[in-house]
Amino acid sequence: MEDFHKTRRLPPYVFEQVNKLKANARSEGRDIIDLGMGNPDLPTPQLIVDKLIETVQDPRTHRYSSSKGIPGLRRAQAQYYQRRFGVTLNPDTQIVATLGSKEGFANMAQAITAPGDVILCPDPSYPIHAFGFIMSGGVIRSMQVEPDDGFMRALERAVRHSIPKPLAIILSYPSNPTAKLASLDFYKEVVAFAKKHDIIILSDLAYSEIYFDDTPPPSVLEVPGAMDVAVEFTSMSKTYSMPGWRMGFAVGNERLISALTRVKSYLDYGAFTPIQVAATAALNSDGAAIEEVRQTYKKRRDVLVDSFGKAGFDVPPPPATMFAWVPIPEQFKHLGSLEFSKLLIEKADVAVAPGLGFGEHGDDHVRIALVENEHRIRQAARSIKRFMGLAEKNLHNVVSLEARR
């Protein structure tokens with residue numbers, strides 16, 4: 001049977017090829033150190049687990065929940081934004097709970113996109129930023145990732161040369177996969193531009209609490225007037241090590257939040273109520289768990305940079321997120337990120353994410369996730385060092401497993 005209309009618009013899932021090789025290697029008994037998927041290995045803090053267990057004992061919580069999010073959860077998110085960013089939000093009209101920020105982005109695309117609408121999206125970027133809109137009939141115009149004057153010049157060109165005029169700009173800082181950071185001054189420029197041209201801003205702030213210096217990343221909603229044009233998405237997955245719990249938020253412009261809320265009301269009943277109650281407890285806690293998570297990733301980052309560098313695989317230190325965005329070593333660049341990632345599994349028992357999976361401009365990089373402990377990261381570095389040592393002599397004989405099948 002032919003693919004359906006929407007699935008035809010999606011390219012082959014790059015990461016699936018790497019996942020298949022990982023699975024095959026593990027079925028052969030090999031110990032693959034998986035630094036590919038951004039799937040936190042840290043346990044959810046005990047206070048959150050305890051609140052879930054306490055709440056689930058009440059059978060009244062087993063019924064359908066609220067798609068929008070229970071009132072206490074939305075109030076807790078509003079209080080978090082007030083504490084962290086100095087931003088005042090109305091929990092009833094400017095906040096909706098989502099099943100993670102990924103679902104929020106995808107359903108916002110469903111809510112606001114007409115066929116042919118132009119969306120300005122960074123490249124490389126987290127895949128849902130582009131493909132949520134592609135599946136909704138939108139058209140993606142790629143932008144650079146670096147938040148500087150070049151970004152603003154690209155916005156000017158996009159408005160002049162896009163027909164129809166762009167509907168929305170996607171921002172993602174700290175960036176997945178590049179770990180780039182944006183300043184409040186940059187956000188001020190983008191907000192002024194968006195208001196001038198009547199363009200929506202959709203900001204992904206999933207990594208707001210995973211930063212490694214003394215300057216917390218800002219929110220675009222800190223800019224005066226941003227609420228007129230912007231919605232921001234956050235997630236508890238990384239901040240509180242709750243990836244499987246699927247809890248996030250969209251906050252900001254009332255009209256956009258209303259549209260997202262209406263679409264979600266047709267599609268889901270929200271997260272399980274005990275999960276929402278536990279998430280409320282997390283947001284209302286003293287933040288000690290967040291600091292512990294942050295320090296763990298910082299230590300892993302430092303070990304990664306040091307050990308991989310000594311192995312001949314230079315890793316630029318990421319200032320934020322749980323990822324390093326790493327140029328492919330010169331002798332392997334001709335392979336591209338997908339074949340290089342396959343090679344690392346085949347020859348070094350190490351899995352990374354090919355940069356191509358985040359956009360065509362990512363193909364000379366791989367993304368390395370800090371999802372293994374320090375001992376395992378050093379073990380990966382030793383394996384890569386052995387591989388790099390033999391590669392120059394043996395690379396002309398290397399054929400990927402996929403090509404041999």
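Start with contacts, meaning heavy atoms within 4.5 Å. Take those in the protein chain between residues at least 6 apart in sequence: 76% of them join residues at least 24 apart. Before going on, note that this is a predicted model, where local features need pLDDT of at least 70 and side-chain atom pairs count only at pLDDT 80 or more, while totals for chains, interfaces and linings use all residues. Residues are numbered from 1 along each chain as its sequence is written, and side-chain values use heavy atoms, with hydrogens and water left out.

**Whole chain**

Switch to cartoon. You will find 14 helices and 12 strands. These are DSSP runs, numbered from the N terminus: helices are H or I with at least four residues, strands are E with at least two.

Now show the C-alpha trace. Along its principal axes it spans about 65 × 55 × 50 Å. The radius of gyration is 22 Å, which agrees with the value near 22 Å for a compact globule of 405 residues. That radius is taken over C-alpha atoms, and the globule rule is 2.2 Å times the number of residues to the power 0.38.

Colour by burial next. Buried residues make up 56% of the 405. Buried means under 20% relative accessible area, exposed over 50%, and partly exposed in between, with a 1.4 Å probe and protein chains only.

**Aromatic pairs**

Show the rings. The structure holds 15 aromatic pairs. Rings of Phe, Tyr and Trp (its six-membered ring) pair if their centres lie within 6.5 Å; planes under 30 degrees apart count as stacked, over 60 as edge-to-face and the rest as tilted.

Select Y80 and Y81. Their ring centres are 5.7 Å apart and their planes stand at 85°, so this pair is edge-to-face. Both Y80 and Y81 are buried.

Move to Y173 and F186. This pair is also edge-to-face, at 5.8 Å centre to centre and 85° between the planes. Y173 sits in the loop between β5 (168–172) and α8 (184–197), and F186 in helix α8, so the pair ties together parts 13 residues apart in sequence. Both Y173 and F186 are buried.

Then select F308, F313, F332, F340 and F387. They form one aromatic cluster.

**Last stop: Q295**

Find Q295 in helix α11 (residues 288–310). Is Q295 buried or partly exposed? Q295 is partly exposed, with a relative accessible area of 33%. Finally, draw a C-alpha to C-alpha distance from Q295 to A279: 21 Å in space, 16 residues in sequence.
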